[in-house]
Protein chains: 2
Amino acid sequence: MSGHLTIALDAMGGDLGPDAVIPAANLALMKKKNLRFKIYGDLKRIEPLLVQFPKLAKVSEIIHTDSAVSPDEKPSAALRSGKYSSMRLAINAVHDKQAHCVVSGGNTGALMAMAKLVLRCLPGIERPAIASLLPTVDKEIVMLDLGANLECTAEMLVQFAILGSVYARVVRGHDQPSVGLLNIGSEDAKGHDEIREAAAILQRLNFPGRYAGFVEGNDIPMGTVDVVVTDGFTGNVALKTAEGVSKLITTVLKRKLKASPMAMLGALLASGALKKLKAEMDPRRYNGGMFLGLDGVCVKSHGGMDAYGFSNAILHAAEIADKNFNVRVAAEIAEVMAQEQKIKTELAKEEIMPQEMVS
Amino acid sequence: MSGHLTIALDAMGGDLGPDAVIPAANLALMKKKNLRFKIYGDLKRIEPLLVQFPKLAKVSEIIHTDSAVSPDEKPSAALRSGKYSSMRLAINAVHDKQAHCVVSGGNTGALMAMAKLVLRCLPGIERPAIASLLPTVDKEIVMLDLGANLECTAEMLVQFAILGSVYARVVRGHDQPSVGLLNIGSEDAKGHDEIREAAAILQRLNFPGRYAGFVEGNDIPMGTVDVVVTDGFTGNVALKTAEGVSKLITTVLKRKLKASPMAMLGALLASGALKKLKAEMDPRRYNGGMFLGLDGVCVKSHGGMDAYGFSNAILHAAEIADKNFNVRVAAEIAEVMAQEQKIKTELAKEEIMPQEMVS
């Protein structure tokens, strides 16, 4: 596969299935010529679509399967009955070194469960996290976890900080990414025990980023830091709230711009600017929940995405695979684990001996 | 005080202190003629402002104190050293029936600690919650807790649901308010134990609202339900994320509308519509963190608010006091407590005997 990047595609995942996935692969190929595809799913649905894109067809292989994971199947059921599903076979391809990464728009819980089972976590990572790029005032930032882990220990939050900063550095090219822990105030005493312990470790840790302290919800869209770390419950709520507010403002803006002939004329003249705003905030542009911390690259596309949205999930996966993210993370995690035990011993000591007595 | 509503104002709280609080009181008085004010703080700063508003001066009394709680003081320290602070004296006025409610723009933690100590919780309420009104597509909704309680038991979430629905019904006039529990998916099996247990109780509870199930982050700004219930950590992050996204979109929109002469002309023609959008989303309009569940009405204004923003916090407090919210909540909570034990016994039984065997 040298020089090429092979993407395993679950063609049956997402609301539109192959109707979105195949044109998406074509869009991705137009942007990145060295992509190759292994497409898993129903041959009868995939083949007629593929013939419409001769360039894509040349670099693609269809692997037929009748089985697909349904959107509302429980992860445990999908693990049992989905052994020959398009999702599972696509993940297997990464494990078997037949592909560099896998992209699916299917059931998130099932995809995470299968990916964990087949690909396993990288050494030193307890649980993978879901990460995504988000638009902010001046740049894109990365945030994790967005829903894989409802509750997180301090150690997990520290691991997520490493995953996020290596991603920001290696994949996105930030030299010294700043990392913030999401909290409800910037003072040291705020927040859950886990968050405060994670903060204490990160303050002392030598890792490929700069720990910037606690950040609050408004810091996410303001782009105060390059990497926002949080538990999966809070991250998921924050992400969906952000999507909802974006939709709310767009809805109200449209309504106001239609309310008078003068406003309509204004909107017409400003339509280029409004389109640019829309494009910059377009959730399709940031589509792709990246499962970081696995020994293999797996990216989840939002189920409701069209071809353009899905193509961005493919490109994000290709970027992670291309930049050897996992090799780099594994090295950083080993380095961090060596320091972490020492830091924890120090922290424990400090609790016994208050700062005043030590200094 | 019959016919009148007396507001105790902490004039020293918030970034601007009396410079915002006194004009705010005047704005509130113009909208609601039956307001009366007890103003706590530094006479030398308050008096020269008050003489500028003769109508306000007529219905106001200044109670001088040199002491004020500083914005970054720890709640425990404020409790100890702030016994004669403007904040504490204003809260005392509510306890001593000298005022119907208290409004402060000061240190949130200190205000909550003092309010709990002085006013105490209503019988049956374990901990008060911070609630706020939020704009959505078609109406205002109420959300709680927004930061008072980092972690919440199922019982606390149920109490917040009652507080929120009584508020929506009695104060805002929704006949049968729908109540949603904030979660990361709408399926029954999703979320923390506490949330799922709260859901099981709310499904069986007869309360002055309609339990509408789990809602997700995007449901908040979409206005899917009238009342959104969550823990204080998640609620605070969601609220601040929403504020940040709103600011992000406004910033990008302004930038795009300045990027070309045509866009600028369009923006000029549509300026009336854009102003209406801004007014509708204006955070000052929704200013006022309402401490629900206390035996007394206490509202926290955002510290950075100007007079217009602070005046809305005053009007929200007046509305709650005016509609006898606390009397109504106390009755509903007593009613719910009577049912709750029975429901819990039922739930425990169901765990022993699975559904199939019972029916």
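B:Gly213 touches B:Val179, B:Gly180 and B:Leu181, leaving out residues up to four places away in sequence. That is a handy way into this structure, which is a predicted model.

**Around B:Gly213**
- You will find B:Gly213 in strand E8 of chain B, which covers residues 210-215.
- B:Gly213 has a relative accessibility of 14%, and because buried means under 20%, it counts as buried.
- B:Glu187 lies 26 residues away from B:Gly213 in sequence, and the C-alpha atoms of the two are 9.0 Å apart in space.

**How the two copies are related**

**The interface of chain A and chain B**
- On the chain A side, 53 residues are in contact with 54 residues of chain B.
- The copies meet through the same surface, because 100% of the interface residues of chain A are also interface residues in chain B.
- Between them, the two chains bury about 4,800 Å², and 77% of this is on carbon and sulfur atoms.
- If you are interested in charged pairs, the rule finds 6 salt bridges across the interface of chain A and chain B.
- A salt bridge joins B:Lys240 and A:Glu216, whose closest N and O atoms are 2.2 Å apart.
- Counting pairs with both residues at pLDDT 80 or more, 8 residue pairs are in polar contact between chain A and chain B.

**What chain A brings to the interface**
- Four helices of chain A each supply at least two residues of the side that touches chain B: H9 (219-222), H10 (232-257), H11 (261-269) and H12 (271-281).
- H10(A) gives the largest share of that side, with 20 residues.
- Sorted by class, the side of chain A that touches chain B has 29 nonpolar, 14 polar and 10 charged residues.

**Around A:Asn326**
- A:Asn326 sits in helix H14 of chain A, which covers residues 325-352.
- Is A:Asn326 buried or exposed? A:Asn326 counts as buried, at 14% relative accessibility.
- Setting aside neighbours within four places in sequence, A:Asn326 is in contact with A:Leu122, A:Leu294, A:Asp295, A:Gly296 and A:Val297.

Definitions and conventions:
Residues numbered from 1 in each chain as written. Chains lettered and ligands numbered in written order. Predicted model: local features only at pLDDT ≥ 70, side-chain atom pairs only at ≥ 80, totals over all residues. Heavy atoms only, no water. Contact = heavy atoms within 4.5 Å. Buried area = accessible area lost by both parts, 1.4 Å probe. Salt bridge = Lys/Arg side-chain N within 4 Å of Asp/Glu carboxyl O. Polar contact = N/O pair within 3.5 Å; in protein donor to acceptor, adjacent residues only side chain to side chain. Nonpolar A, V, L, I, M, F, W, Y, C, P; charged D, E, K, R; others polar. Buried < 20%, exposed > 50% of the residue type's maximum accessible area, 1.4 Å probe, protein only.
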